Amino acid sequence: MRIISGVYGGRPLESLPGRDTRPTGDKLKETLFNIIGPYFKGGKVLDLYAGSGALGIEAVSRGMDEAVLVDNNHIATRVIKKNLQITKETFKFEVLNSSSDAAINLLANRHEKFRLIFLDPPYAKQTIEQDIENILNQDLLDEVALIVCEVASDVTLPEEINGLQLWDERKFGKSKLYIYQQINSIE
């Protein structure tokens, strides 16, 4: 596993030991970033089930200003912090060892706004729709925002969730990507 492109491109990333996590592979990650835009011009990214932190690190590498990386697994947060060292810009990242609900509440209390949000919970514990509802209720989205969801290939998410429109959907082997946008946020 590595950072694909951008200022940190080519640097290796450590993944979590064992089979409890399912890291987004390099090929899927590269395809995802080609879909949502290979490079960004600022903004904040939230990776709510960060695992190794690969998606948030990749987004900052490609031009997002900063990232909040959340995972409730202590081992995962240690791996994320180790992976952040290779960026030599750890000040651009915040790591929260927290549940998704607690992190969303904390970020809402701080009046944070995100332009890009990744939701990739463990397949057996997917709460994508509830997470999106919570994100919307807590007003965490920037005026122009995308929410990228990775789910098992047999999972079907709706075309619209509380005003967010499905912008793109792709299947990759055992995984499926759903990309939501705010209505009229992408031309």
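**Sheet and flanking helices**

S1, H2 and S2 make a right-handed β-α-β unit. The model is predicted. Its eight strands form an open, mixed sheet in the order S3-S2-S1-S4-S5-S8-S7-S6. The edge strands, each pairing on one side only, are S3 (93-97) and S6 (160-161).

**Strand S1 and its neighbours**

- S1 runs parallel to S2, and four bridges join the two strands; here Val-45 stands opposite Ala-67 of S2.
- S1 also runs parallel to S4, with three bridges between them, and in S4 Val-45 stands opposite Leu-116.
- Both faces of S1 are covered: Lys-44 and Leu-46 are buried on one side, Val-45 and Asp-47 on the other.

**Strands S4 and S5**

- The pairing of S4 with S5 is parallel and extends over five bridges.
- Phe-114 has Leu-141 in S5 as its bridge partner.

**Helix H1**

- Buried residues in H1 (residues 26-36) are Leu-28, Lys-29, Leu-32, Phe-33, Ile-35 and Ile-36.
- Viewed down the H1 axis, these buried residues fall within an arc of 155°, so they line one face of the helix.
- The buried residues of H1 pack against helix H2 (54-61) and against strands S4 (114-119), S5 (141-152), S7 (164-172) and S8 (175-182).

**Helix H4**

- H4 (residues 100-109) lies across S1 (44-47), S2 (66-71), S3 and S4.
- Relative to S3, H4 runs at about 135°.

Notes: Residues are numbered from 1 along each chain as its sequence is written. This is a predicted model: local features need pLDDT of at least 70, side-chain atom pairs count only at pLDDT 80 or more; totals for chains, interfaces and linings use all residues. Side-chain values use heavy atoms; hydrogens and water are left out. Buried means under 20% relative accessible area, exposed over 50%, partly exposed in between (1.4 Å probe, protein chains only). The arc is that of the directions from the helix axis to the C-beta atoms. Contact means heavy atoms within 4.5 Å. Two strands pair if DSSP finds at least two bridges between them. Axes are lines fitted to C-alpha atoms, for helices over the stretch in contact, and angles run from 0 to 180 degrees between N-to-C directions. A crossover is right-handed if, with the strands pointing away from the viewer, the path from the first strand over the helix to the second runs clockwise.
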